[in-house]
Structure formats: structure tokens, C-alpha cells
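Subject: Structure handover

Hello,

Here is the structure for you to look over. My notes follow below it.

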Amino acid sequence: MKSSADDAKRQARLFQLKRYGTGLAFMLPWIVGFCLFVAIPIGWSIFMSFNQVKVVPGGFKYDWQGFRNFRDAFLKDNVFPIELITYFQEMLLMVPIIVIFALLIALMLNQRFPGRFLYRALFFLPVIFATGQVLSELFVQGAGDIPFLDQYNLEPLVTQYVGGEFAKTVMGVLGRVVLILWYSGVQILIFIAGFQTISPTIYEAVRIDGASPWDSFWKITLPACVPFISLNVLYTIIDLFTFPLNPVLKHIKDNMFKVETGYGYSSALAWIYFGFVFVLIALVLWLFDRSMKTRRVRS
Amino acid sequence: MIRRLRTIPPFQYVLVTAFTLLAAFMSLPIVFILNHAFKPQNELFLFPPRFFVQHPTARNFESLFLHAANATVPFTRYLFNSLVVAGLTLASVIVVSTMAAYVLAKYNFHFKQLILATITLSLMFAPETVSIPRYLIISGLHLNDTYFGHILPALASPVAVFMLVGFISQIPGELVEAARIDGASHFGIFVRMVLPLSVPAIATISIFTFQGVWGDVETSTLFMQDETMRTLAFYVNSLLSGLQNSVSGQNMAAAAGLLMFVPNLIIFLLFQRKVLETMIHSGIK
């Protein structure tokens, strides 16, 4: 009796192990690639950020510096902290604008009207530009600006309403309205996919119960979309953070090939930047997690 | 037809008009790129700049191809490299990421939570900052001047896995269980069920991956020392940066801009139907 129970247990363990094994086998190619080209380089760059890296014939020479690179970034560098703060202010304004804009557009695109396939395609098209050459050439041509900012001299007006410190940020965001439009393609797509997960029968039910479209948006669509909103917020933050024309990243890259600062210092800058964004993302995740939990408790 | 039009409520008229305006605004850059590439030299420098081309000409493309033909490496070689690299990367990223995402979404195994956390973390890390350690690894593995040097760094894409995990976990677990009871192997389930069901997500990541690979100059700049192994993106990039202030090359730059953009558009048009269609008609919630 006992032995058969043991047997069953062993068999269960064997089964479990086999399942684990399959899982790991499927993961293996990805894990190997990831370790080689993502995990190890990232670890390496942590190590480098604590060193002064010098290029000598036949390789690199590392001089252990402790936290000096990190200290220098804030105390000696007179560009990095300012750029970091300005960019973060801009991001904090841009992210909600992009997400709300995408939500509105997606809501409208979700309506039934003739030719909506075409419109959906058109709104996603700008994402194609978002990579590399084409975008930067458009910027060189000045296609990213909108002329009315200068024409109507909006800057004093903005300064008057939001105060001197934020005026620059607000103007920066206004100047990038076109970019916001272009950058919301993926978010719109995610929202549209999200709307498909809400079953139409719910809408029918509330319509029979006498709810207006306005009510059904606030009571059904929006709560059901919370996970997609959080996904979009994360996506937008990451998208802006790794944006190729981002001034902070440019500063980091410039430092990488300077002789007196070198790769160690630029790694340290990158890690500071990474730390800031990580805190921001953790905050966003925590907020959404909490709101989901309270919703679950209430329902 | 008229009766159909009459049944459309007035709200939809407003909607369609608003969308047409917005869409027209969004498509401006496409129109601009298209027109710019066909402008003759004298129109490129008109001030104020014109949006539409007056006398379209194919001279720009001609001079681009001729310029490349005179160089040591013919233009077609860059094109061939780009096609090979983009095709192979796309295929391998799809296979590797779907496999990984499938087990992450549907199986339990050691370190699963750790792997998921690392994926989310590494999403935030800008690839530029790890380029030098990557170079050291590539040259350590002797992958310089091979196609592997182009493909392998892009292989383990955290973004692709991140998106696929979200999608595949929506496939009902009962469906997978049922297939297992009916005697399907792990691999069979993956090929026959998970792959077809996740076509929309795969289409989406294909668009992203293709754009990333097609426009990537990093692998060509850092890992390839042999000019014959470099890609079209690198060629166009070096052409553009060499011409920054010169007047004579602007027409080539305009043509090259269109050339870099068109494949993206084609891939997008190919996959976009799939993305939108399957998103709506997919039987699973």
C-alpha cells in the first residue's frame, strides 16, 4: 500500500519534472540568446560604470573607481542633470496626453462607420516612420514643428499661465504635437484590441436597463480597459525613454567616445537614467495594481 | 445605395469628416517623402519649399544607383545583405519568441518568475548603452563579418516575448488541455494550435522586428569590418551623413529616404490586414 503511494508520488514528481523540462526546453534558445546579447552586456556595463575604462592596445584597461563616476555625473557634469530633469518633466506631460489621445481615437475607431479599416491603417502608418533614418530626416526638414507657435507668439502667454519653470516644458510638448499624433499608433492598436475583449452582450444588457452611451463608457468600457491603459502607459514611457533623438541618450552616447570620460562614465550615466525610469515605472505599476485591487474588492 | 446612406445617423457624418481631416494630416509625411524623392534638383531647393512635385523625374534614383555602381561594392550587394538579414532575423525571432512566450504563458517551470521579471526590466534598457560589451562578445565568438553577427544580437527580443506572453495567455488553458488529452505532443500543440491562434500577435511583432532590423545600422557599423557584409541601412546612412552640407547629393538623399521607407510600408500592408482582421474575427476572447 505504502509503496504504491510512494510510487504515485514519484510518478507525480517525474511528471512534474518532465513538464518543467519541456518548459525549459522551449525556453532554451531564447535564454541562450538573451544571456549572451542582453544579460551579459548589461552586467558588463554595471561593472564598467564603477571603473575608468581606458582603451589600450589589445583590449581595455579597467581602473576601479567606486562611486566616483556617479558622483561626477551630478557634481561635475553641468549638462546631464539639467537635461535629465527637463526630459523627465516633458515625459510626465507627454505620457498622459499620448495615452488619452490614443484612447479617444481608439474609441471612435471602434464605432461602426464606412471605411474604418482604411482609417485604422492610416492611424497606424506613422509608426513606420518612428524608426531611424526617415524620422530624423523629417526632423531636419522641420516637418516636426508647427508654425503657429512662433506666428502667434504663444510663449509669453504660456509663461504667464504656468510659471517660468514649466513654460519651457509646456512649449516643448506643444512643439511636439505632431509627434504625439505620430506616436500613438501602437497605443491605438492596443486599445482597439482591448475593446474586443469586452463582450457585446454586456452593452446590450445595460442598454436594455436604460443606460446612455455616456454611462456605459464610464461604467463598462473604462473599467474593462484599465489593464490596457496600464500597458499603454508602460509602453509609452519605454517608447519615449528609448527614443532615438532623446537628448539624454545623445549625451550618453557623446560621452562614450570622449577620451577624458570614456565608456565607464557613460555607463554610469546610463545607469542613473535607468534608475530614474525604473522608479517611474515601478510607481505606475504600483498605482495600477492598487486600482485593480480596489476594483476587485468592490465588485 | 441612397437608402443605405440615409440610415447612417448624422453623428457618423461628423465622425467620418473628423477622421478624414486627421488622417489627411497624418499622411502628410508620406506624401512629402514620395514627392520629395521625385523632385528634380532645382525644385529641391525652392524657397519656400513646395509640398508637391511639379516636374517628376527619376533622375534621383538613377544617380543613386550610378553612385553606388561606381563604388567598390555594388548597390545590389547591400540590398541582398539587407534582405537576407531581415528575412532570417524575422523568421528566427518569430520562432524563438513564440516558443518562449508559449511556455511562459502556459507552463510552470524553474525561474519562470525570474525570467518574466528580467524581460520587463530589460525592456527599459536602451540598446545603445550595451553596444561595446556586445562587440566584445561578438568578436569573442568570432562572428565578425558573418551573417550571424547581424542576426544573433536581435534574436532574443524582450519586446516580442513581452507582447506574445500577454497574447498567448489569453488562449484558454482548456483548449491546450483538450489537445493534450487527445494525444497531441508538446511540439504538436505548439505548431498546430498556439502558432495559428497567435497569428495577430505574430504579425504585430513581425512589423516591429522588421522595422528594427531594416533600419538598424549598429550591427553593420560595429560588428562588420568587411564592406561587403554591410547592409543597405548602413549604406544609406553613410551616404546621408557624408552629404550633410553638400548641395549636389540632396537628390540622392531624397531617393534613398524613399528607398528605406518603401519596404517598411510593404511589410506593414502585408501584415496589417492580418493584425486587424484576426483581432476582430478571432474566436477566442
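Helices (H or I, at least four residues) and strands (E, at least two) are DSSP runs, numbered from the N terminus. By that rule, A:F276 sits in helix α15 (residues 262-298) of chain A.

Some ground rules. This is a predicted model, in which local features need pLDDT of at least 70 and side-chain atom pairs count only at pLDDT 80 or more, while totals for chains, interfaces and linings use all residues. Residues are numbered from 1 along each chain as its sequence is written, chains are lettered from A and ligands numbered from 1 in the order in which they are written, and side-chain values use heavy atoms, with hydrogens and water left out.

**Chain A overall**

Chain A has 15 helices and 2 strands. Of its 299 residues, 44% are buried. Buried means under 20% relative accessible area, exposed over 50%, and partly exposed in between (1.4 Å probe, protein chains only). Chain A exposes about 16300 Å². Carbon and sulfur atoms supply 67% of that area. Accessible areas come from the Shrake-Rupley method with a 1.4 Å probe; for residues, only the protein chains shown count as cover. A contact means heavy atoms within 4.5 Å. Take the contacts in chain A between residues at least 6 apart in sequence: 69% join residues at least 24 apart.

**Cores**

A nonpolar core is a set of buried Ala, Val, Leu, Ile, Met, Phe, Trp, Tyr and Cys residues joined through side-chain atoms within 4.5 Å. The largest one has 98 residues. A:W30, A:L109, A:F191, A:I237, A:Y273 and B:Y102 touch the most other members. Helix α3 (residues 80-109) of chain A gives this core its largest share, 15 residues.

**A surface patch**

Back to A:F276. It is partly exposed, because its relative accessible area is 38%. Together with A:F74 and A:L75, A:F276 makes a nonpolar surface patch of about 330 Å². Patches are made of residues with over 30% relative accessible area and no salt bridge; like charges are joined within 9 Å, nonpolar side chains (Val, Leu, Ile, Met, Phe, Trp, Tyr) within 5 Å.

**Salt bridges**

A salt bridge is a side-chain nitrogen of Lys or Arg within 4 Å of a carboxyl oxygen of Asp or Glu. Side chains of opposite charge can pair when their charged atoms come close. The structure holds 2 salt bridges over all chains.

- A:D7 pairs with A:R10 at 3.6 Å, N to O. Both lie in helix α1 (residues 2-49) of chain A, 3 residues apart, about one turn of the helix. A:D7 is partly exposed at 38%, and A:R10 is exposed at 55%.
- B:R180 pairs with B:E177, with the closest N and O atoms 3.8 Å apart. Both lie in helix α11 (residues 173-181) of chain B, 3 residues apart, about one turn of the helix. B:R180 is partly exposed at 25%, as is B:E177 at 45%.

**Cysteines and one serine**

A disulfide is a pair of cysteine sulfur atoms within 2.5 Å. The search of the whole structure finds 0 of them over all chains. A:C35 is partly exposed, with a relative accessible area of 35%. A:C225 is buried, at 1%.

A:S216 lies in helix α13 (residues 213-241) of chain A. A:S216 counts as buried because its relative accessibility is 13%. Leaving out residues up to four places away in sequence, A:S216 touches A:Y203, A:V206 and A:T221.

Best wishes
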